[in-house]
Amino acid sequence: YSLLDGAAHPEDMVARAMELGRETLAITDHDGLCGAIRFSTAAREAGIKPIVGAEVTLEGDFHLVLLAKNRDGYSSLSRLISHAQLRHAKNQARLDLVTLAKHTSSGGGGLIALSACDKGEIAGALLAGDKRKAWQTAVRYREMFGDDFWIELQYHYMPHDERLIAD
């Protein structure tokens, strides 16, 4: 939903999900939760389970997608975004791994983490040809989030997509 990455209207996304017979739909803003209330309201009214999340920017300019599993997860996500926003200049939110680790699912944070787009730390290591670093990073996230960490496989017809999926 983020204006930085896309501007689809939540109501339109929910309507399309209904047309496709979907029971669940997620929305992620970039470094924020701007569309969360509007989206959740539209989804619930349509009988669709809403999943709210954010693509956060970590120190080092890496991206990580965080999804709220429950109310605790939404609370953790809100705190993390506020922390990142308040400690950096406008439009420069950055989250450090120490703060993130305090809110992971293994710590009761109620969050699911996805490895993110090609700006994610794992994809960045793979694109740099460093499979060892990619593996170590995946292990670190797995230790932080346990079974709530997932690797994203994306295919957007970008030149490097096939390489990322294969690696």
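The protein comprises seven helices and five strands, where helices (H or I, at least four residues) and strands (E, at least two) are DSSP runs numbered from the N terminus. Along the sequence these elements follow the pattern α-β-α-β-β-α-α-β-α-α-β-α. The model is a predicted one, in which local features need pLDDT of at least 70 and side-chain atom pairs count only at pLDDT 80 or more, while totals for chains, interfaces and linings use all residues. Residues are numbered from 1 along each chain as its sequence is written, and side-chain values use heavy atoms, with hydrogens and water left out.

Of the 167 residues in the protein, 44% are buried; buried denotes under 20% relative accessible area, exposed over 50%, and partly exposed the range in between (1.4 Å probe, protein chains only). Contacts were defined by heavy atoms within 4.5 Å. Among contacts between residues at least 6 apart in sequence, 66% join residues at least 24 apart.

The five strands form an open sheet of mixed pairing, in the order E1-E2-E3-E4-E5; two strands are taken to pair if DSSP finds at least two bridges between them. Strand E1 (24-30) and strand E5 (149-150) are the edge strands, each pairing on one side only. Strand E2 (residues 49-57) runs antiparallel to strand E3 (residues 63-68), and five bridges join the two. Within this pairing, Gly53 is placed opposite Leu67 in E3. E3 also pairs with strand E4 (residues 111-114), in the antiparallel sense and over four bridges; here Val65 faces Leu114 in E4. The pairing of E4 with E5 is parallel and extends over two bridges. In E5, Trp150 stands opposite Leu114.

Ala26 counts as partly exposed, at 40% relative accessibility. Apart from neighbours within four places in sequence, Ala26 is in contact with Phe39 and Ile51. A C-alpha separation of 10.0 Å was computed between Ala26 and Ile48, which are 22 residues apart along the chain.

Charged side chains were considered next. Side chains of opposite charge can pair when their charged atoms come close. With a salt bridge defined as a side-chain nitrogen of Lys or Arg within 4 Å of a carboxyl oxygen of Asp or Glu, the count comes to six. One of these joins Glu11 to Arg38, with the closest N and O atoms 2.9 Å apart. Because Glu11 lies in helix H1 (residues 10-19) and Arg38 in helix H2 (residues 36-45), the pair ties together parts that are 27 residues apart in sequence. Glu11 is partly exposed, with a relative accessible area of 35%, and Arg38 is likewise classed as partly exposed, at 33%.

A salt bridge also forms between the side chains of Arg94 and Asp61, with an N to O distance of 2.6 Å. Arg94 is located in the loop between helix H3 (71-86) and helix H4 (97-101), and Asp61 in the loop between E2 and E3, so this pair connects parts that are 33 residues apart in sequence. Arg94 is buried, at 18% relative accessibility, whereas Asp61 is partly exposed, with a relative accessible area of 46%. The side chains of Arg142 and Asp147 likewise meet in a salt bridge, at 2.9 Å from N to O. Arg142 is partly exposed at 40% relative accessibility, while Asp147 is exposed, with a relative accessible area of 58%.

Glu121 belongs to helix H5 (residues 121-127) and, at 10% relative accessibility, counts as buried. The side chain of Glu121 makes a polar contact of 2.5 Å with the side chain of Arg140. A polar contact is a pair of N or O atoms within 3.5 Å; within protein, one atom must be able to donate a hydrogen and the other to accept it, and residues adjacent in sequence count only if both atoms are side-chain atoms. Excluding residues up to four places away in sequence, Glu121 touches Phe62, His63, Thr137, Arg140 and Tyr141.

Arg140 additionally lies over the face of Tyr141, at 4.9 Å from the ring centre; the criterion for a charge over a ring is that NZ of Lys or CZ of Arg is within 6 Å of the ring centre and within 35 degrees of the ring normal.
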